Every structure is written in structure tokens, then in C-alpha cells.
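Reader: Please take a close look at one part of this structure, the ligand site. Then go on to a helix and a few single residues.

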Amino acid sequence: MHTKKYGIYGGQFVPELLMPALEDLESEYNKFSKNPDFLKDLTYYLTDFAGRKTPLYYARNLSKKYGIKIYLKREDLVHGGAHKLNNTIGQALLAKYMGKKRIVAETGAGQHGTATSMAGATLELDTLIYMGSKDVKRQMTNVQRMKMLGSGVKAVETGSKTLKDAINEALRDWVTNIETTHYLIGSVVGPHPYPMIVRDFQSVIGNEVKKQILEKEGRFPDSIVACAGGGSNAIGIFYPFINENNVKLFAVEAGGNSMQVTDKAAMHSASMCSGEIGILHGACTKVLQNREGQILESHSISAGLDYSGVGPELAYFAENGRVSPCNVTDNEALNAFHELCFTEGIIPALESSHALAYVMKNAKSGLLGDLVVVNLSGRGDKDLNTVINITGDSYENC
Ligand SMILES: *Cc1c(COP(=O)(O)O)cnc(C)c1O
């Protein structure tokens, strides 16, 4: 029972109707996560479909410039362009082993929907993606991508017509079709057992880093830095190091335009840094909310970090001091994006650029030590329009 909560965080704050589904998912996961056939299949898909293991790349030019050794964990090289497939392959395979024929998922900007569609296609599962109708209009290319991969895309017209409404609809579908359907959640959020399941599937990142850094440096890093939206790439790289107390762990949230909030919205998405304890999507966690407990809309230049909550386990580690939550602004992330492009020849996702920006800002202070691993959670091709709209396509000022 104790694994259902992380201190006061986590739990299962859901309608009674969902409880049997969550209990079934937990017992099936506990069974199959130790099943040799399941593990063999998982390794096969992670290796030959997703392209693991990903390199741990020594960023020579960046290291020289900042005077510390900087390694990049290259999740940008995973099939689909981000760490998201580690989770969607894991859960889709679990669904298959559970005898489910169908998966449903929510998506905001469309990245998780796309990664789910890839996994659904290769594992021959009927796939339906719920997406707010506002997001459908904003992210047409991703909608087309999902359809090309064989998924249905259902535009959600309720509420604010964005991510949180898509989550509600996906949950409704799941409860109605529980016999045939698995709900494939996109980060370490939601009611137990989701935060645990997604963390386990994403821990492949940290487990690889552990071996790779020992081979290359003969020791563990002084610090590991990752961006945090829901928190899955962060906890995925942190978790295998959680008992290595000499390794500092930094979770970089989106500081947006500023740390200001109005009664309806925050100018940022830094829920660990400035949120308060509340319930969001079935879990107790740190949530951006106003004095009445209404959830505030969040803001970030990067769609993947634009979320009003954070995974409950990360909130717990932030509270007990094991993980240091911090944030950088949209502008700092944007500068880091450009800098990685021209110093290392790698176009990072705007999400990952937050982690890079934090390293660039703090490298010389000694805070991070001499040996740093940054989780490069994804590639930036998806972000070119966002960047060009802000910076223009001339880089004379960089
Ligand atoms: C979705 C996404 C994120 C944010 O999700 P987490 O669960 O916080 O990891 C970060 N980076 C990239 C590239 C993403 O696509």
C-alpha cells in the first residue's frame, strides 16, 4: 500500500468507478514487469525500433567554453525525436500482454499522441488520440502525423478545448471501454500506478547513463540536469541515481516570461518552485492554483513544459531536498537553443533547452561541480516555427 504515495503526494483521487481499472492495471503491471517474455520483447522494441541505447555525448565545445565537463544524454536520437517513445512502447506492450485491443491517449501539442501512434501501429493496437479542438487547429502537422500512423484523432470541444479536457475525455473512454482498452498516459502524472509505471519505463535513461559515465569517466557525475514538465524525462534520468547522494539532481522548470501570476493564469509553468499542494488529474501534487484552489493556466515557450502540475514523486523529492527544483525563463531557454545549435551542431527541443540554459548559467559558479550530465530530452525540429517567429530567420544578433 505504501507505494501508492510519496510522502503526502500521489495517491488515487479518482471517481469510485475508476478504482477497479487502476487496481487491475497495478496487479497486471506487477506481474508482467517481472515476466521474462515481456522484458525480452521490451528490450527488442527499445533496441531495434526505438534505437536504444542512446549515446552519452561529450560536448567538447560547450565544455571548453564553460570550463566544466558537459555530457549530453542523447534522447533526441530516439525514434520520434524524444524520450516519449520509451514510455509509449512500454505501456503499449503492457496493454498487449494484458490482452487489450485498444489504446487511448491524451495529447496537448501532439508529441505524446505521435509517440503513442507509433507504438500503437507497430504493436497492432487500435489507437485513438483525444486532443482539445483548440490544439487540433494549432498543431495540424502533428494531427496529420497521427492519422498517417493509423490513429484516430478525436477533437474535444468541452471546457477550454485543450489538454486538460482531452485528459477528461480519454478517462471517460477508458471507464466505458475498460474490458478492451488501456489508457496510455504521457508522463509521470495521474493516479497511482501511473507515476510508478511511467517512471520505471523512463528509468532506462538513467540506467544507461550509469554505465556510460563509468566507462567514460570512471565515476558518477557531480550533477544531473533535466527539464521538468510532467517530469518523466527528469525522473527517468534521476531515479537510478536517487541513492547516490553525491550526485546532485536539478529539475529545471519553465520560468516563462516571469514568475508572476494573475487570478486566472501564471506567466510560467514552475509548479515545484511556486505551486501549492493540491489535486490534479487524480494525484496530490504541487499545482499552480489561485487562492480559491482554482487551477491556473500555465505558460511556457515550450509546449511540453506548459503544464500546471508535476509528477507527485518529483514533488516529493523536491520537498525532501533530494532534487533541487529551479527554473529559467523563455528567453534564457531560447538563447541556450541557439548556442547548442552553433557550438555543437545539435538542434535541441525548446524543453531540453531549459536544462541547457540552467547549466550555462551556473557552470562557472561551482554549483554543478566539474562533471555534468544534461538530459537532452528531444530534438528541436518541431520547434523551428516557434523559434523563427520570435527570433526571425536571421542570426546576426546571436
Ligand atoms: C514532452 C516533452 C518534455 C516534457 O515532459 P516530461 O514528462 O517532463 O519529460 C520534455 N522534453 C521533450 C523533448 C518533450 O517532448
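Author: Lys84, Ser187, Gly231, Ser232 and Ser377 come nearest among the 16 residues around the ligand. The model is predicted: local features need pLDDT of at least 70, side-chain atom pairs count only at pLDDT 80 or more, and totals for chains, interfaces and linings use all residues. Residues are numbered from 1 along each chain as its sequence is written, and side-chain values use heavy atoms, with hydrogens and water left out.

Polar contacts come next (pairs of N or O atoms within 3.5 Å). Gly231 uses its backbone: an N or O atom there lies 2.7 Å from a ligand oxygen. Ser232 uses its side chain, with an N or O atom 2.7 Å from an oxygen of the ligand. A polar side-chain atom of His83 lies 2.9 Å from a ligand oxygen. Taken alone, the ligand exposes 380 Å², and the protein buries 97% of that. These areas come from the Shrake-Rupley method with a 1.4 Å probe. The shell residues divide into four nonpolar, 10 polar and two charged. In this count Asp, Glu, Lys and Arg are charged; Ala, Val, Leu, Ile, Met, Phe, Trp, Tyr, Cys and Pro are nonpolar; the others, Gly among them, are polar.

Now helix α7, residues 140-148. Helices are DSSP runs (H or I, at least four residues), strands likewise (E, at least two), numbered from the N terminus. Asn142, Val143 and Met146 are the buried residues of α7. They fall within an arc of 105 degrees seen down the axis, so they line one face of the helix. The arc is taken from the directions from the helix axis to the C-beta atoms. Thr141, Lys147 and Met148 are exposed on the other side. Buried means under 20% relative accessible area, exposed over 50%, partly exposed in between (1.4 Å probe, protein chains only). The cover over the buried residues includes β5, α5, β6, α6 and β7. Just after α7, Gly150 takes a positive phi of about 95 degrees.

Asp135 sits in α6. It counts as buried because its relative accessibility is 5%. Beyond neighbours within four places in sequence, Asp135 is in contact with Thr107, Gly108, Lys161, Thr162 and Leu163. Contact means heavy atoms within 4.5 Å.

Ile167 is in helix α8 (residues 163-176). At 7% relative accessibility, Ile167 counts as buried. Ile167 and Thr107 are 60 residues apart in sequence and 7.9 Å apart, C-alpha to C-alpha.

Notes:
Near = heavy atom within 4 Å. Polar contact = N/O pair within 3.5 Å; in protein donor to acceptor, adjacent residues only side chain to side chain.
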